Amino acid sequence: MKIILISSIFAIIILGLLAGKIYMSRQFHQEVAILFKGSKPVSSRPFSYGQLADLPEPVRRYFKLVLKDGQPYISCARIRHNGQFKSGPAKGWVNIKGEQYATTGQPGFIWKGTTNLFTARDMYINNKGRLVVSLFGIVKVVDGQGKSFDQGELLRWLGESVLYPTNLLPGPDRQWSAIDARHAKFTFNYNGLALFYTVTFNEAGEITELVTKRYMDEKHLETWLIKVGSYRNLNDVKVPTVFEVVWKLKKGDLSYARFNITTIEYGQAERF
């Protein structure tokens, strides 16, 4: 009798986990669909080297390195990665796999990162930022929303534009200004938010670091650093394939994400 009872309990738990994962998968699918529905294609516009004439020298070298003259603007990207993630200063590194979708006609992205313990969904959709973390993919333990998340998630989308670099070209809402031979400042004004990155370039013209101020919680702005490297030509665009994300804190650096890009595709407005 006890064996039957225990078996029944285990069966209920397993069925609950499966049902929860199916629900979360459907929710993620719906969020991806909403993301793509809210953005218009921009690929009819070609990039021209003539757009670079007034840009700082390191910025000109960067765009000439990563893009080809006449190349269409990137409307959307879908990305897969593996790597490691750390959920806190006292926590150890865990392996993670990620799936991400981004649009440029309307600023937006959604990312799902999966570990053996938790699943996280990071997103900026319809001008709202949100972070959802679920244990075992079903028990929600974090659901962060509000102005600090709007700012932080939009900054993530903007910094990851190195993966869809036509998004970094100058326009009415985005500007480059000179600092020195290896650095330039990029500013982006959108939906009442004035965002910036101080960008570092190497001798080859590659972007290697992007630094800004991001909300670490609801009240405190901290220095946030994205390191990138190992550039490769993928889909006729030269992009970094190695990322490290770091909080630069007074008590010391907190590196919490190390990602390796395994797949990136453009113009596919649907899930993998």
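Q: How far from the centre of the ring of Tyr49 is the charged end of Lys64?
A: The model is predicted: local features need pLDDT of at least 70, side-chain atom pairs count only at pLDDT 80 or more, and totals for chains, interfaces and linings use all residues. Numbering runs from 1 along each chain as its sequence is written, and side-chain values use heavy atoms, with hydrogens and water left out. A charge sits over a ring if NZ of Lys or CZ of Arg is within 6 Å of the ring centre and within 35 degrees of the ring normal. The charged end of Lys64 sits over the ring of Tyr49, and its distance from the ring centre is 5.9 Å.

Q: Over the ring of which residue does the charged end of Arg156 sit?
A: The charged end of Arg156 is 4.7 Å from the centre of the ring concerned. That ring belongs to Trp111.

Q: How many aromatic pairs are there?
A: Rings of Phe, Tyr and Trp (its six-membered ring) pair if their centres lie within 6.5 Å; planes under 30 degrees apart count as stacked, over 60 as edge-to-face and the rest as tilted. By this rule the count is 15 aromatic pairs.

Q: How many residues apart in sequence are the parts that the pair of Phe36 and Tyr101 ties together?
A: Phe36 and Tyr101 form an edge-to-face pair, with 6.0 Å centre to centre and 80° between the planes. Helices (H or I, at least four residues) and strands (E, at least two) are DSSP runs, numbered from the N terminus. Phe36 lies in helix α1 (residues 2–37) and Tyr101 in strand β2 (residues 94–103), so the pair ties together parts whose separation in sequence is 65 residues.

Q: What is the relative accessible area of Tyr101?
A: Buried means under 20% relative accessible area, exposed over 50% and partly exposed in between (1.4 Å probe, protein chains only). Phe36 is buried, at 12%. Tyr101 is buried too, with a value of 0%.

Q: Which strand holds Phe118?
A: Phe118 forms an edge-to-face pair with Phe85, at 6.1 Å centre to centre and 65° between the planes. Both Phe85 and Phe118 are buried. The two residues are 33 residues apart: Phe85 is in strand β1 (residues 76–85), and Phe118 is in strand β4 (residues 118–125).

Q: Which element supplies the largest share of the lining of the largest pocket?
A: On a 1 Å grid over the protein atoms alone, a pocket is an open set of points with protein on both sides within 12 Å along at least five of seven lines, while a cavity is a set where a 1.4 Å probe fits but cannot get out; lining residues have an atom within 4 Å of a point. The largest pocket is lined by 32 residues, with Phe85, Leu131, Arg214, Trp247 and Tyr256 nearest its centre. The largest share, five residues, comes from α3.

Q: What is the volume of the second largest pocket?
A: A volume is the space filled by probe spheres set on the grid points, which are joined across faces, edges and corners. The largest pocket has about 860 Å³. For the second largest pocket, the volume is about 290 Å³.

Q: Which elements give two or more residues to the lining of the largest cavity?
A: There are two cavities of 30 Å³ or more, and the largest holds about 60 Å³ of space. Its lining consists of Ile79, His81, Gln100, Arg156, Glu160, Leu163, Phe243, Phe259 and Ile261. The elements that give two or more of these residues are β1 and β13.
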